[in-house]
Every structure is written in C-alpha cells, then in structure tokens.
Amino acid sequence: MEPIEIFKALSNESRLQILHWLKDPENHFTPHEGIDMRKIGVCVSQVTEKLKMTQSTASQYLSILERAGLITTERIGKFTYYKRNEDTIREVGAFFNNEI
C-alpha cells in the first residue's frame, strides 16, 4: 500500500463516489446480463453513465483508483469490469487507525 497514491486517488469527489457505488453495486448500477456485480464488478460504460461524464474521463478515474490499488479489474470478452479491492480498503482503515 502506497499511502500517497491512495490519498491522491481519494482527493477527487467523483472517484470517492465511484468507490461508494462499488460498495453496493446492485443499488447503483443496472447489471450486464449474466454478470454478478459483486463477484465480477461493473463495466466502464455503467460508471460513465452514472457519472454523466465522458468515457475517457471515467476510464481515467478508474485507472487512478486501480493504480492506487483501491479497485481491481477483470476482462471478459470486450468488457473490463471493476470492483473494490476490499483488502486495500481495510489496509487504509488500519493505516488511519494505527499511523495517523
């Protein structure tokens, strides 16, 4: 875990919102047919629609969250799916609890 990269990723309201939505994807996204959003994640097009931004902006935000280790990706066919990395999120919580 790189705290500075995580703090940079969390310094944007839209990226925080993405993490919030991914915590409970069934309540925030319409699933792709045959995809379990808890296990697989949500597609960039679903995030783009929810953010009401361009796909390039949404992809950039997701890349920043991925580089920080806060989300993971899974490629299925032509789609890339994103979900929270709960291990890293727990590490961030422990970091705040123990270090700050």
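I started with the largest nonpolar core, which has 25 residues; Ile-18, Val-47 and Leu-70 touch the most other members. A core here is a set of buried Ala, Val, Leu, Ile, Met, Phe, Trp, Tyr and Cys residues joined through side-chain atoms within 4.5 Å. Buried is under 20% relative accessible area, exposed is over 50%, and partly exposed lies in between (1.4 Å probe, protein chains only). I noted that H1 (3-9), H2 (13-23), E1 (42-43), H3 (44-51), H4 (55-67) and E3 each supply at least two residues of this core. Those labels are DSSP runs numbered from the N terminus: helices are H or I with at least four residues, strands are E with at least two.

A caveat for myself: this is a predicted model, where local features need pLDDT of at least 70 and side-chain atom pairs pLDDT 80 or more, while totals for chains, interfaces and linings use all residues. Numbering runs from 1 along each chain as its sequence is written, and side-chain values use heavy atoms, with hydrogens and water left out.

Next, Val-47. Ignoring neighbours within four places in sequence, I find Val-47 in contact (heavy atoms within 4.5 Å) with Ile-18, Phe-29, Val-42, Ala-58 and Leu-62. Val-47 is one of the buried residues of H3, along with Val-44, Gln-46, Thr-48 and Leu-51. Their cover includes H2, E1, H4 and E3.

Just after H3, I stopped at Lys-52, whose phi is positive at about 60°, in a residue other than glycine. Lys-52 is in the loop between H3 and H4. Buried or exposed, this Lys-52? Exposed, because its relative accessibility is 75%.

Then I checked H2 against H4. They pack at about 70° with axes 10 Å apart; the axes are lines fitted to C-alpha atoms over the stretch in contact, and angles run from 0 to 180 degrees between N-to-C directions. So H2 is roughly perpendicular to H4, a label for 65 to 115 degrees. Ser-14, Arg-15, Ile-18 and Leu-19 of H2 meet Tyr-61, Leu-62, Ile-64 and Leu-65 of H4.

Last entry: Asn-85, in the loop between E3 (79-84) and H5 (86-99). I count Asn-85 as buried because its relative accessible area is 18%. What does its side chain reach? The backbone oxygen of Gly-69, at 3.2 Å. Leaving out residues up to four places away in sequence, Asn-85 touches Gly-69, Leu-70, Ile-71 and Thr-72. Leu-70 was already in my notes as a core residue.

Definitions and conventions. A polar contact is a pair of N or O atoms within 3.5 Å; within protein, one must be able to donate a hydrogen and the other to accept it, and residues adjacent in sequence count only if both atoms are side-chain atoms. Angles under 35 degrees count as roughly parallel, over 145 as roughly antiparallel, 65 to 115 as roughly perpendicular and the rest as oblique.
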